[in-house]
Amino acid sequence: MSRGVIKKVAGPLVIAEGMRDANMSDVVRVSSQRLIGEIIEIHGDRASIQVYEETSGLGPGEPVESTGVPMSVELGPGLIGSIYDGIQRPLDDIMRVTGGNLLNRGVEVPALKRDKLWEFEASASVGDCVTGGDILGTVKETEVVSHKIMVPPGIEGTLSALYPGGHTVEDTVAVVTDAKGKEHSVGLMQRWPVRRGRPYQKKLSPDMPLVTGQRVIDTLFPIAKGGVAAVPGPFGSGKTVVQHQLAKWADADIVVYIGCGERGNEMTDVLNEFPELKDPKTGKSLMARTVLIANTSDMPVAAREASIYTGITIAEYFRDMGYSVALMADSTSRWAEALREMSGRLEEMPGEEGYPAYLGSRLAQFYERAGRVISLGSDGREGALSVIGAVSPAGGDTSEPVTQATLRIVKVFWSLDADLAYKRHFPAINWLTSYSLYVDTMEKWFNAKVSEEWTDLRAQIMRLLQEEAELNEIVQLVGMDALSAPDRLKLEAARSIREDFLHQNAFHETDTYTSLQKQYKMMRLILDYYKKAGEALKSGVSIERLVSLPVRENIGRYKYTEEADVERVFSETEEQLESQIRDELSRKEDF
């Protein structure tokens, strides 16, 4: 264990001498207050330490002690439903220890409760040959999550002892004897360094969607299970509501939500809402399958840098159990700002806009830990970790370095638009500037599981929206009357797509979630109207009569149809469309 003394203090950066025996990324305890820090640079016997707590009052000559282990998280029963700070200290336990709402410095609280007994049910047997990742048994962590106790990576041998029953996270529940006769104790808890990705057997192709129930996402810009997406947008454009909707409705077993440098009141909303949100899948509280990491903008800046690694390591752990995990990082811009501040304190050569030159590679290290994988273990179970990162570009300018570095890595870009938000069009995802690079790999899945027409209908909708943007420019120059009847019909169909399909009310009990089957039917209704009205137009029916058909109101209200009535209402609306177009054609012939 290396011991040194403080030489210099510059905000969250502390320079210590006498640290020759310490290693990069070691966790250290700074001063007699035992503040937590991490070594980020070593020159000779001088170590640069980023301190994850407030450093005011520290001075030269105070002791620094290395623990000899890298920054790690505790993984085991008790994670679900917990609220942690950026370095995995449970906020409820800190509050109990300090007796107040403010974080005191140097508080040492274990991440997982040491006194709670968990009922371990063994599924393996003594004498079994086991390897890293094999499941020994389960613990019922919450009403909806069964926590699988796995052999830690790197351990292989014969199961020589197994202890089912009530245990704390520190107890030994199994003993594995390796080929050399050495015994390895396995407990309910394991530790893992946050900056190192957890191993897996192999990565799978991103060819199935993470269904979110949000029409603009699932239909136009889908994200794959194990995919990565960025949600950049200016203040007030609805980033947080989009992430809440994804946390609530995405087809994921576990949600990890990281509030990284966000405003305190936004994080308070999350902490208040999530426990009260009813999980639509289970009927229980959403917190029964959620881990929250709260690192608000007034907390020490260096802890922001650690928070996203803490979150993704916890997410990888549940992925290894075979679960589908969705991780929301809100927002990576605040994390990058912490990186910039630490880089400035270290007097490194600044890159664009003062961000460090390694900004892009650090972002890539984070996002590349996502994926759909075959986990370690002999049963070949499949797990997925999907990462959705919000980006908060200053002034909504997406040409700034964090957004641009993120776009080079992610495959899905949901561009939130302030103009759409001001028009009260939510989700305010701009359909002209957003994209998804997973569309081609997931075509087969959508065509096989939903409808063989899916890809074709999506392409038609995208084409209509593109053509509407071009026609709107003409309308602004010469007015609506200058357009031909087919072009006016095109604008009407595109308006229907925008208002009836893309606009979705997150707070309406039916419209908040739309199944893929219902999304397909909605596309069919809008495009069937466009096709049949186009044919009637060629037969001489006036555009005014086609635009004012009564069935258009029913097409617009179809999104409020309950899932149980989707099929029936669709058939009725199609019949009404047929008969009303027929009536218009016969009326024209009468004249």
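Is W454 buried or exposed at 1% relative accessibility? I looked this up first. W454 counts as buried, because its relative accessibility is 1%; buried means under 20% relative accessible area, exposed over 50%, and partly exposed in between, with a 1.4 Å probe and protein chains only.

Notes on the source. I am working on a predicted model, where local features need pLDDT of at least 70, side-chain atom pairs count only at pLDDT 80 or more, and totals for chains, interfaces and linings use all residues. Residues are numbered from 1 along each chain as its sequence is written, and side-chain values use heavy atoms, with hydrogens and water left out.

Next, the aromatic pairs. I paired rings of Phe, Tyr and Trp (its six-membered ring) with centres within 6.5 Å; planes under 30 degrees apart are stacked, over 60 edge-to-face, the rest tilted. I count seven aromatic pairs by this rule. W445 and F446 are edge-to-face, because their planes stand at 90 degrees, with ring centres 5.5 Å apart. F446 and W454 are stacked, because their planes lie at 5 degrees, with centres 4.8 Å apart. I log W445, F446 and W454 as one aromatic cluster. F446 is buried at 4%. W445 is partly exposed at 22%.

Last, charges over rings. I required NZ of Lys or CZ of Arg within 6 Å of the ring centre and within 35 degrees of the ring normal. K148 has its charged end over the ring of Y323, 4.8 Å from the centre. R340 lies over the face of Y355, 4.2 Å from the ring centre.
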